[in-house]
Amino acid sequence: MRLTLSFFRRNAAAYALLAIASLAAYSQEAHTPETHGIVIANMDRSVKPGNDFWRYANGDWIKRTEIPPDRSYIDTWEILEDLSRKRTAGLIEEAGKANAPAGSNTRKIADLYHSFMDEAAIEARGLTPLRPHLEAIAAIHDKRELARAMGESMRADVDALNNTNFHTANLFGLWVAPGFNDSEHYAAYLMQGGLDMPDREYYLSDSESMRDVRAKYQVHVAAMLRLAGFSDTDLRAQHIVELEHAIAEKHMSLADEQDVHKANNTWTQAEFAAKAPGLDWTEYFRGAGLSSQASFIVWQPDAFTGESALVASTALDTWKDWLAFHLIDSYAGVLPKAFAEESFAFFGRTLSGTPEQRPRWQRGIAVVNDLLGDAVGQIYAQRYFSPEAKAQAEAMVANIIAAFRRRIDALSWMDPATKAEAQAKLTTLYVGVGYAETWRDYSAYEIKADDIFGNLWRGGLFDYRRELSRLGLPVDRKEWTMEPQTVNAVNLPLQNALSFPAAIFQPPFFDPQAPAAVNYGAIGSIMGHEISHTFDTEGSAFDSKGRVRDWWKPADLAHFNGATARLAAQYDTYKPFPDLAVNGKQTLAENVADVAGLSAAYDGYRASLAGKAAPSDNGFSGDQQFFIAFGQNWGAKEREAALREAVMTDEHSPGEYRAATVRNLDVWYAAFDVRPGEKLYLAPSDRVRIW
Ligand SMILES: [Zn+2]
């Protein structure tokens, strides 16, 4: 039961540069509305809303839209990302022309982008930048030195509850966040790792498509080693894949990882040797710069025990090859073309089904966003998010929070003490709209205009050291984990805070000139979704100060679990492919948030009318516009491989089923005259009401 997740997660499998490449820009014109409101041209009115609400709201858009060849999917979110990327590209271009003084953020933006774009220099240098690191791996003599090297490779590249990324290809990953048991101070969380492919299912699933992926993966490993000049590459690749298969068997499943109670395991540094024998932990922590850290929260204890035992039982040479391969693979995007193309052939084409790689300049923007996100974001927010839009969005948030207050007060099943803590959580909730109140300081991050490998290497270390330096310090509850130029929203449970970046406040999600029905159905349901995470099964594990504390009475929780079990069963019935269904448990927290968010947004919309009738639009009533706008949040087309990956690894349901959330709200039936016998029809007793 994960607590907070970003609203929309496309990139959880953040395998280093691959993630950067997959996020890269595509220069498609974003939707620029001439009218303000629902997009009637995107609807398919030949579909009955009660049979398939997703196609009713998006059908004509789905019919006329082609997935661009350099993408694995296209959707409403991605189209808005395009607008944001285009604007960001303009800002980077300006930075390049500014001739700004060395050391300034503007100069860093310009130099980082230039270093990525200078392909001739990258080709000329070949593997030279990687050589010292490969030689260091080759020089490892024993398991003690291996432990040291593994510690040195650790990065702050995982995040369990905020931007939700459970994947690192390093042996383990570090996440620095407010402590489960002391939310006033930053604690060190350790998470399982070691797999290059996105999740254990890729190694363990018996499905034909996964067996096929595994065979191609081994070919890819051998190809990368061959390009890097290794001998006996087929045999080495076989051993690496066998090792990763063994690691995958030790990994916790994604559904289990979301249960914070299973994750709340404090180990002192001295306990690691007894609880997870095999790895030389003293050397590991020394390499990681964590020797003086007294204790850690170990997210998946069995995986730590299992992986540590594998360090002892697996041959040193296999581990060295594993280290070398992971190093080469994670930097492939900034190595000579042959490496980048081999990497894309596997991760882009095979894993995501994307035919073509994005143009280099678009990948360059993604690199700048990734490493200097706040430097760009500061300019972006100033340029593209007006104080008036910010005020209007903040008023919507206030209305939806008020709706939640009324809903909590009206619950007949909830204990008064539980209600009081829920109201306290609403009172202390910090909602960031547009951008953070403070910006990240990049002065300790050195960037060179001719050294992309070094820029990335130093960027990872800069980030890691910044996180280490925060351990034990007081928590800044107003801190953001997302940049203003990101089209997303996030709930930060340990801070009891939400963030809505500037870039999400664009049509069709938000349009200052659109009717209230449309803004509440679109961005309002997203706001409601994030607020509801504050109170759901995950939110019930964190109190108004962000501490892990079960503040619900057992009877409250039993009622809630009964309702949510029915919702999990509802989603288990959705089958995007004959051999693959949506996992109702894995996606439960997000589906609950969709139901609750839509309900609260509806209340907020009704309240905003202050008793007046909502204006109709092309014959659609206010209520109809509200639901159609919600459905249009989820217009999407995906390639089969990408959709399969999402169903297996994403905590969110595919867009088609998120749009079907409407079937749980009585007002939707009235708005569209939905009758028994229609496919989405649920008898009133089968509709899941959460709040
Ligand atoms: Zn969510």
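## Strands 2 and 3

Strand 2 (residues 172–178) and strand 3 (residues 186–192) pair in the antiparallel sense over 7 bridges; helices (H or I, at least four residues) and strands (E, at least two) are DSSP runs numbered from the N terminus, and two strands pair if DSSP finds at least two bridges between them. Gly173 stands opposite Met191 of strand 3. Buried means under 20% relative accessible area, exposed over 50%, and partly exposed in between (1.4 Å probe, protein chains only).

This is a predicted model, in which local features need pLDDT of at least 70 and side-chain atom pairs count only at pLDDT 80 or more, while totals for chains, interfaces and linings use all residues. Residues are numbered from 1 along each chain as its sequence is written, and side-chain values use heavy atoms, with hydrogens and water left out.

Strand 4 pairs with strand 5 (residues 295–298) in the antiparallel sense over 3 bridges. The bridge partner of Trp267 is Phe296, in strand 5. Axes here are lines fitted to C-alpha atoms, for helices over the stretch in contact (heavy atoms within 4.5 Å), and angles run from 0 to 180 degrees between N-to-C directions.

## Nonpolar cores

A nonpolar core is a set of buried Ala, Val, Leu, Ile, Met, Phe, Trp, Tyr and Cys residues joined through side-chain atoms within 4.5 Å. The largest one has 191 residues, of which Trp319, Phe505, Phe627, Trp668 and Trp691 touch the most other members. Helix 25 (residues 588–609) supplies the largest share of this core, 10 residues. Apart from it lies another core of 18 residues, including Trp175, Met191, Val260 and Ala541.

Leaving out residues up to four places away in sequence, Trp319 touches Leu146, Met150, Leu171, Leu243, Ile247, Leu310, Val311 and Thr314.

## Helix 9

Helix 9 (residues 208–227) has 20 residues and reaches 29 Å from its first C-alpha to its last, close to the 28 Å expected at 1.5 Å a residue; the expected span is 1.5 Å times one less than the number of residues. Its buried residues include Met210, Arg214, Tyr217 and His220. Among the elements covering the buried residues of helix 9 are helix 10 (233–250), helix 16 (316–330) and helix 27 (640–649). Gly229, whose phi is positive, near 90°, follows helix 9.

## Two loop residues

His141 lies in the loop between helix 6 (131–138) and helix 7 (143–153), and is exposed, with a relative accessible area of 64%. A polar atom of the His141 side chain lies 3.2 Å from the backbone oxygen of Ala139. His141 and Lys320 are 179 residues apart along the chain, with their C-alpha atoms separated by 9.9 Å.

Gln586 is in the loop between helix 24 (554–572) and helix 25, and counts as buried at 7% relative accessibility. A polar atom of the Gln586 side chain lies 2.7 Å from the backbone oxygen of Asp650. Not counting residues up to four places away in sequence, Gln586 touches residues including Leu254, Gln258, Val647 and Glu651.

Note on methods
Polar contact = N/O pair within 3.5 Å; in protein donor to acceptor, adjacent residues only side chain to side chain.
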